[in-house]
Amino acid sequence: MSLPLVVVAGATGAIGSEVVRELQSRGSRVRALVREPSRLTTEPEEIFVGNLLNPRTLQGACADADAVVSCAGARLASKLFTWKAESFLAVDDGGNRSLLHEAEQSGVRRFAYVSPYGGRFLGVMEYIRAHESFAAAMRVSAVDHLIVRPSVTFARLVPLVERARKRGRLSMIGGGQAQTNPVHEADVAGALVDALEGREQEVDVGGPEVFTWEEIAGMAAAAAGGADVRFSYVWRAQMRAAFRRFAGRHGYDSAVYRIAEAEVDMVAPAVGERRLGDYLASLG
């Protein structure tokens, strides 16, 4: 499928910026849909300033576009107090529904969405429910849909190195034996655009190497110059998550997902050749 013009929502994020580069490398023009153009690290051909939480600002965002790619969503919280944080339900579901509606009104042929891997088996936690609710809306839409579900991305592991470097130690949840295969954002982008140009509707992607979280923590600690790695009991993490509920629902929802991620094997079909050890070592 030829894609002369593609709208990329969330183009300032780690995956979104790589999607912009991948599309441009294949000859597509990109219209970046962003709230803050100053945060762009790429040079899209067009910039459209809009906010998924304000549907009126999206009018015209998809005009003349052949496809839309949404990498937009609320971030997993890292701070304790999250009273004012945008919820997963509001952004990942509600905001993307507004964008999908705009795409339908504009006659867009294809709509791609980046959702977390594990959404079909991790249960009813809010982080997953918001993503899967929008995925369900896509399946009944008039626009041909594509859902790409990456495992944990390399960029999401950078805070582990930063915490280890700052504190001299790295605290992790659980026993560290759950497995995953982290994937570089550029490899996610390549798989996404491949599928966007094809006819796939749901694609799971992971990296070429499978690690336990204990192994990942060890690599992050080494990249930080050497740090102690400690794993805490899950019940302690659950107690802290319960406390977060009084400090803001978004922090609680984020903590619940992180506990599940640390305890459940999440190994997706492998794509790409970029290796986590090389990536983490480059952060030093």
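Axes are taken here as lines fitted to C-alpha atoms, for helices over the stretch in contact, and angles run from 0 to 180 degrees between N-to-C directions. The model is predicted, so that local features need pLDDT of at least 70 and side-chain atom pairs count only at pLDDT 80 or more, while totals for chains, interfaces and linings use all residues. Residues are numbered from 1 along each chain as its sequence is written, and side-chain values use heavy atoms, with hydrogens and water left out.

Helices (H or I, at least four residues) and strands (E, at least two) are DSSP runs numbered from the N terminus, and two strands pair if DSSP finds at least two bridges between them. On this basis, seven strands form an open sheet with parallel pairing, in the order β3-β2-β1-β4-β5-β6-β9. Strands β3 (46-49) and β9 (202-205) stand at the edges, each with a single partner strand, so one side of each is left without a neighbour in the sheet. From one strand to the next, the twist averages 20°. Strand β6 (residues 144-150) runs parallel to β9 and is joined to β9 by four bridges, with Ile-147 standing opposite Glu-202 in β9.

Helix α2 (residues 88-105) lies across β1 (5-9), β2 (29-34), β4 (67-70) and β5 (110-114), and runs at about 165° to β5. Helix α3 (residues 126-139) packs on the sheet where it touches β5, β6 and β9, its direction making about 155° with that of β6.

The axes of α2 and α3 come within 8 Å and cross at roughly 15°. Angles under 35 degrees count as roughly parallel, over 145 as roughly antiparallel, 65 to 115 as roughly perpendicular and the rest as oblique; α2 and α3 are therefore roughly parallel to each other. Their crossing is right-handed, a crossing being left-handed if the near helix is turned anticlockwise from the far one by less than a right angle, and right-handed if clockwise. Residues of α2 including Phe-88, Leu-89 and Arg-97 meet residues of α3, among them Tyr-127, His-131 and Phe-134. By class, the contact of α2 with α3 has eight nonpolar, three polar and four charged residues, where Ala, Val, Leu, Ile, Met, Phe, Trp, Tyr, Cys and Pro count as nonpolar, Asp, Glu, Lys and Arg as charged, and the others, Gly among them, as polar.

Two further helix pairs were examined. Helix α1 (residues 14-25) and helix α5 (residues 185-197) pack at an angle of about 55°, with their axes 8 Å apart, which makes α1 oblique to α5. The crossing of α1 past α5 is right-handed, and the contact of α1 with α5 comprises 10 nonpolar, one polar and three charged residues. The axes of helix α4 (residues 158-167) and helix α6 (residues 213-223) come within 8 Å and cross at roughly 55°, so that α4 is oblique to α6. Leu-160, Val-161, Ala-164 and Arg-165 of α4 make the contact with Trp-213, Ile-216, Ala-220, Ala-221 and Ala-223 of α6, giving eight nonpolar, no polar and one charged residues by class.

A search of the whole structure finds five aromatic pairs, rings of Phe, Tyr and Trp (its six-membered ring) being paired if their centres lie within 6.5 Å, with planes under 30 degrees apart counted as stacked, over 60 as edge-to-face and the rest as tilted. Phe-111 and Phe-134 form an edge-to-face pair, 6.0 Å centre to centre with 65° between the planes. Because Phe-111 lies in strand β5 and Phe-134 in helix α3, the pair ties together parts that are 23 residues apart in sequence.

How values were computed: Contact = heavy atoms within 4.5 Å.
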